[in-house]
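Subject: Structure handover

Hello,

Here is the structure I promised you. Please open it alongside this email, and my notes will follow.

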Amino acid sequence: MNIIGPDYLVFGVEDLQGCRQFISDYGLKETHDGFFEALDGTGVKLCQRGDTNLPPELASGSQLRETVYGVADKLTLTEIEHELRKDREVSVGHDGVLRCVDDMGFALGFQVTQRREITAAAEKVNAPGDLISRPLNHLGAGATMPAEPRSLSHVVYFVPDSQRAEAFYQRLGFVCTDRFTHVGPFLRPAGTNDHHTLFLIQAPTFMTGIEHFTFHMGGPTELMMAGSRFVEKGYQSFWGPGRHQLGSNWFWYFNSPLGCHIEYDADMDLHDDTWQPREALPGADNSQYFLLQHREKWAPGPDTAH
């Protein structure tokens, strides 16, 4: 099934205005009816928590109310509907979204993807021994350089039964690219080569919900710029910046008023069906190659000479 990845996430939040400001400061642009989009049209939809049009809350009270996946075409939607109707209720909304609930209670939607092609140069690196990547007299960074989220990358769920949750998504063509032992799998749908668009974390039932979500940036410099600007606006860094081992992506996580963490990521590994999944024990040693800590700008001077 040609599922590409998440098109948008729907949240029902207590502080709607505060969350709108937060998502805008993160770098998404509001377009209509509480929808905030990245450069390729993927995004986040913010609603008031009590909105009766939203799917029911999880028992945990998670503010994530729905994950809507983009698929390649109507044929894929038909295939998904046929598979899901084997054992659960399926509906099609006025918006054309095919909806169901997964085995862990998460509300899911599927639509022909709203993603649009973008033209935005990636970060270029000049290194001795390689061809010149960045042309002569072109600067590698600048104080006013753009650092905008490009595409909704992945979402991470806390689930009470990661094996059962994985089996459900395998029915829809997701494959495991890597796995943390006794924790859960990184899953990639058939329509993308991204290392993962979904990561499942085994957790107690009362924690069922979203742990974090993230958008791809154009490279590590964009990630560092976006994260630094976010800190300067007063938002609290949670983890990072650093670089993960499984997936190789750069990361920087922040606390959010959405009841979960939000991340910037960059330079994720790409895999096809010839890739052999790895398995690693959970823990700091296997979670990142290195971890940095943001600090205020500083410059050496006579008083730092010794």
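Predicted model: local features only at pLDDT ≥ 70, side-chain atom pairs only at ≥ 80, totals over all residues.

Strand 3 (residues 35-37) and strand 4 (residues 43-48) pair in the antiparallel sense, with 3 bridges between them.

As a reminder, strands of a sheet pair through backbone hydrogen bonds, either parallel or antiparallel.

Next, go to strand 14, which covers residues 237-244. Which strands does it pair with? One is strand 15 (residues 250-255), which runs antiparallel to strand 14 and is joined to it by 4 bridges. Here Arg 243 stands opposite Trp 250 of strand 15. Strands 14 and 15 form a hairpin, with 5 residues between them. Look at Gly 247 in the turn: its phi is positive, about 105°. Strand 14 also pairs with strand 18, again in the antiparallel sense, over 3 bridges. In that pairing, Gly 242 stands opposite Leu 291 of strand 18.

Ser 237 deserves a stop. It lies in strand 14. Is Ser 237 buried, exposed or partly exposed? Its relative accessibility is 30%, so it counts as partly exposed. Leaving out residues up to four places away in sequence, Ser 237 touches Trp 252, Tyr 253 and Phe 254. With Trp 252 there is also a polar contact, side chain to side chain, at 2.8 Å. Then check Gln 293. It is 56 residues from Ser 237 along the chain, yet 9.0 Å separates their C-alpha atoms.

Last, the surface. Tyr 289, Phe 290 and Leu 292 form a nonpolar patch there. Together these residues have about 290 Å² of accessible area. Leu 292 sits in the segment after strand 18 (288-291). Leu 292 counts as partly exposed because its relative accessibility is 39%.

That is the tour. Send me your questions once you have had a look.

Best wishes

How values were computed. Residues numbered from 1 in each chain as written. Heavy atoms only, no water. Helix = DSSP H or I, 4+ residues; strand = E, 2+ residues; numbered from the N terminus. Buried < 20%, exposed > 50% of the residue type's maximum accessible area, 1.4 Å probe, protein only. Contact = heavy atoms within 4.5 Å. Polar contact = N/O pair within 3.5 Å; in protein donor to acceptor, adjacent residues only side chain to side chain. Patch = residues over 30% accessible without salt bridge, like charges linked within 9 Å, V, L, I, M, F, W, Y side chains within 5 Å. Areas by Shrake-Rupley, 256 points an atom, 1.4 Å probe, with all protein chains shown as cover. Salt bridge = Lys/Arg side-chain N within 4 Å of Asp/Glu carboxyl O. Pairing = 2+ DSSP bridges.
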